[in-house]
Amino acid sequence: MNQEIFVKMAIDVWRGQLNATNKLFGKMTDEELMQEVSPGRNRGIYLLGHLAAVHDMMLPLLRFGDAILPELHRPFVELPDRAVVELPPIQQLRAQWIEVNEKLASHFNSLTPDEWFTRHASISEEDFVKEPHRNRLNVLLVRTIHLSEHRGQLVLLVKKG
């Protein structure tokens, strides 16, 4: 019973952060996404691609299968903003953001509470015995924080008025 409560709480917070981020992206213009969060910092387009790429990497990390957007990993995770001259169009990134999060939601809904406490793909069975906190639920918690941090940056791009 406790596992069910912990999993429900974590997924509810994830969904809340995701919904808030979706709402934010929905009201942001393409022009706003091309702006820097602050001088010399990441642009909104980079953060959109970065979040889509990181969420995509959750698929193999949580042992849900292969990444569906591997082409986003290099320009949005391995490299800093502006290292790639030509990024995918914003509309494509918006669609990919939705696509990867729908895929994650489908997998999240299929896991039992017990399965959330199984190892993620970056830890061996042997090490997991010694470090059981390195589980799928822990990945969800860390990625929720990551999403929240970047949403806080993106808010700075929305024009007031």
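**Entry 1: helix α3**

I started with α3, which has 18 residues and reaches 25 Å from its first C-alpha to its last, close to the 26 Å expected at 1.5 Å a residue. Here the expected span is 1.5 Å times one less than the number of residues in the helix. Helices are DSSP runs of H or I with at least four residues, strands are runs of E with at least two, and both are numbered from the N terminus. I then looked up burial, where buried means under 20% relative accessible area, exposed over 50%, and partly exposed in between, with a 1.4 Å probe and protein chains only. In α3, 16 of the 18 residues are buried, so this helix is largely enclosed by the rest of the structure.

A note to myself on the source: this is a predicted model, in which local features need pLDDT of at least 70 and side-chain atom pairs count only at pLDDT 80 or more, while totals for chains, interfaces and linings use all residues. Residues are numbered from 1 along each chain as its sequence is written, and side-chain values use heavy atoms, with hydrogens and water left out.

Which residue with a positive phi follows α3? I found Arg-63, with phi near 65 degrees, a positive value in a residue other than glycine. Arg-63 sits in the loop between α3 and α4 and is partly exposed, at a relative accessible area of 35%.

Gly-65 lies in that loop between α3 and α4 (73-78) too, and I read it as partly exposed at 33%. For contacts I used heavy atoms within 4.5 Å. Leaving aside neighbours within four places in sequence, Gly-65 touches Leu-59 and Pro-60. I also checked Gln-96, which is 31 residues from Gly-65 along the chain, and their C-alpha atoms are separated by 17 Å.

Arg-82 was my next stop: its phi is positive, about 75 degrees, although it is not a glycine. I located Arg-82 in the loop between α4 and α5, where it counts as partly exposed at 42% relative accessibility.

**Entry 2: helix α1**

How far apart are the end C-alpha atoms of α1? I found 38 Å, which agrees with the 38 Å that the 26 residues of this helix (residues 2-27) should span at 1.5 Å a residue. Its buried residues include Val-7, Trp-14, Leu-18 and Phe-25. The buried residues of α1 pack against α2 (30-33), α3 (44-61), α5 (90-110), α6 (113-116) and α8 (136-154).

**Entry 3: Phe-128**

Buried or exposed, I wondered about Phe-128? Phe-128 is buried, with a relative accessible area of 14%, and its place is in helix α7 (residues 125-130). Beyond neighbours within four places in sequence, I saw contacts from Phe-128 to Phe-117, Thr-118, Arg-119, Ile-123, Arg-134 and Asn-135. Thr-118 is ten residues away in sequence and 8.6 Å away in space, C-alpha to C-alpha.

**Entry 4: the whole chain**

Stepping back, I counted eight helices and zero strands in the protein chain. The radius of gyration is 17 Å, close to the 15 Å that the globule rule gives for 161 residues, so the chain is as compact as a globular protein of that length. That radius is taken over C-alpha atoms, and the rule is 2.2 Å times the number of residues to the power 0.38. I noted a C-alpha trace spanning about 45 × 30 × 25 Å along its principal axes. Of the 161 residues, 42% count as buried. Among contacts between residues at least 6 apart in sequence, 70% join residues at least 24 apart.
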